[in-house]
Amino acid sequence: MKTTSTYLIPALALLLLSAGPGTALAQDPPAQRRHPTYTLLGRDADQVPAESVLNPNFVVSNASRMAEGSLWRSGYLPERMVGLDVGDVDGDGKNELAYATLRNVYVYRLEGSTYTQLATYKMPDNARSVAVDVFDLDGNGRKEIIVTAQNDSTHAANTQILSFDGSKELKLLAGGINYYLRVIGPENGRALVAQKPGTAGGEIFSGAVYYASFSGGKISTAGKIALPQNVNIFNFNIGEIGLDRMRLTSSIRFPTEHLILTEPTGEKVWESHDEYGGSINYLNLYAYGDSGKNVEYIPTRILLSDIDRDGANELIVAKNSMGGTRLFKNLRSFNAGAIEARKFTNLSLVPFFTNTNLMPGPAVDYMLADFDNNGSKDLVVGIIIEPGSGMMEEARSIIFSFNNLYTVDAGPQPAGAPAAQPPR
C-alpha cells in the first residue's frame, strides 16, 4: 500500500525591506585599478575594499561599501511552486518568466513596474510537475517551455513541452514524454539532457543521462554523459569555472547533500562540509524494500555564470536551512533559505556572495537573467512560504528579483587573465 507523505514548512513573516539608500564612508581610491574581485576575495590584503560590483542585497567577501540596487517581489501565489526560468518565449527580444506549480504553468512579463500575466496551462490530472526550463529546441530564436513531470500512479515521467504563440493558453507541442528533461551548462553553452525514469521496484532512474534533442514531437538522445556515481539528471551541472577554466562536474549528492566538484576522469576535486540544494521537490518511487522510503528529493539547480565579467564562471547554489529532523525518510521541512555564489580558485570554492535578506522560506528555484528587460541581469528566486500539505493549510509561494545584480563597471581584467573561449 502506498504511503502518503506529508511536507511541512513553518510559516514565517515576510521581512519588510527598507527602500532608503545606505550611507557609504568615503575612501581613498586604490593605488592601481584592478579587477574588483581581487579585492573582494582578499587578494589585495593591504587595500581597503573598493565599491562592490554587486547589488546591496548581497554580502560580498571583505566588501565594506555596496552599490545601490533594488529588490522586486511578487504578490503571494496561492499554489506551491516547483520551478521557474527566464527567457524569450515569444521571439520579440524581451524576456518572460515561466514558472510551474504542482498542477499549472504560467508565463509573465515584468517591464518597469508592470507585471503582466501572458498565458497559462493546466497540466494533465495525472502529471505532477517537478521542474521547468525554457530552451530554444528548434533554433528559431523563440524558447519553448519544458515542464518535467511525473505520473504519480505509474511512476513514469509525464513531461510536457509547451510554446507561447500570443494566446492566453500555452500550446502543447508534445505531452506524455517518458523522459525527465533538464537544461544544463553555463549561460553561453546550455544544452538539453534526458534520462529515463526507473521501471522496477526501488529504481528511480533507468540508464544514463544523455544529451537530447526535440523534433517531430519526440525526444531523441545521442551522446552519453560521463558522470560520477550517484549523479542523476537533477543533481548536476557541467561547465568551465575559475580563471583557469577547468571543466568540472558540479553535483549535489543525496542524502548528504554536499556540493562536490569532480574532474572528467571522475576524480574528486573538492567537497563542501555543509549541505546545499535542499528541497521538498520529490519523485515518487516504489518503496526501497522494508525501508519505508517512497520519495526521492530533487535538489535545487546549480547555475554557472560569469557574474562579475572577469572571464570566469562562478557557481550559484541555494543553501536552505533545514527546519526539522532528517530521521523521517518521507518528511522534511525548511524554515529559511539563501542564495550563495562561489568562485573556484586554488582548487577550492571560495565564497563570493550571499544574499543578506533572510528569505521567508526555502528557495525552490532561481535564475540569473534580465528579468525586467532593462539590460542588466537580475537574480530571480522562487520561494515556498507554505507547501499546502494539510487540509487546513493553503499553499503559498512568492517570487523575489534581486534587480541589477551587477551594478558597477568592473574595469579591466587583471593582467594574465585568459580570454573568453567558446564552450566545448
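Predicted model: local features only at pLDDT ≥ 70, side-chain atom pairs only at ≥ 80, totals over all residues.
Local features here need pLDDT of at least 70, side-chain atom pairs count only at pLDDT 80 or more, and totals for chains, interfaces and linings use all residues. Residues are numbered from 1 along each chain as its sequence is written, and side-chain values use heavy atoms, leaving out hydrogens and water.

Let's begin with the whole protein. It has one helix and 27 strands; these are DSSP runs numbered from the N terminus, with at least four residues (H or I) for a helix and at least two (E) for a strand. Of the 424 residues, 53% are buried (under 20% relative accessible area, with a 1.4 Å probe and protein chains only).

Four strands make an open, antiparallel sheet in the order E7-E8-E9-E10, where pairing takes at least two DSSP bridges between two strands. Strands E7 (128–135) and E10 (171–177) are at the edges with a single partner each, so one side of each has no neighbour in the sheet. Seven bridges join E7 to E8 (residues 144–150), and Ser129 has Ala149 in E8 as its bridge partner.

Finally, find the largest pocket. A pocket is an open set of points on a 1 Å grid over the protein atoms alone, with protein on both sides within 12 Å along at least five of seven lines; lining residues have an atom within 4 Å of a point. Of the 28 lining residues, Pro186, Glu187, Arg190, Met367 and Leu368 are the closest to its centre. The table sorts the lining by class.

| Class | Lining residues |
|---|---|
| Nonpolar (Ala, Val, Leu, Ile, Met, Phe, Trp, Tyr, Cys, Pro) | 14 residues |
| Polar (the others, Gly among them) | six residues |

Key
1 Å grid on protein atoms, 1.4 Å probe; cavity = no way out; pocket = protein on both sides within 12 Å on 5 of 7 lines; lining within 4 Å. Buried < 20%, exposed > 50% of the residue type's maximum accessible area, 1.4 Å probe, protein only.
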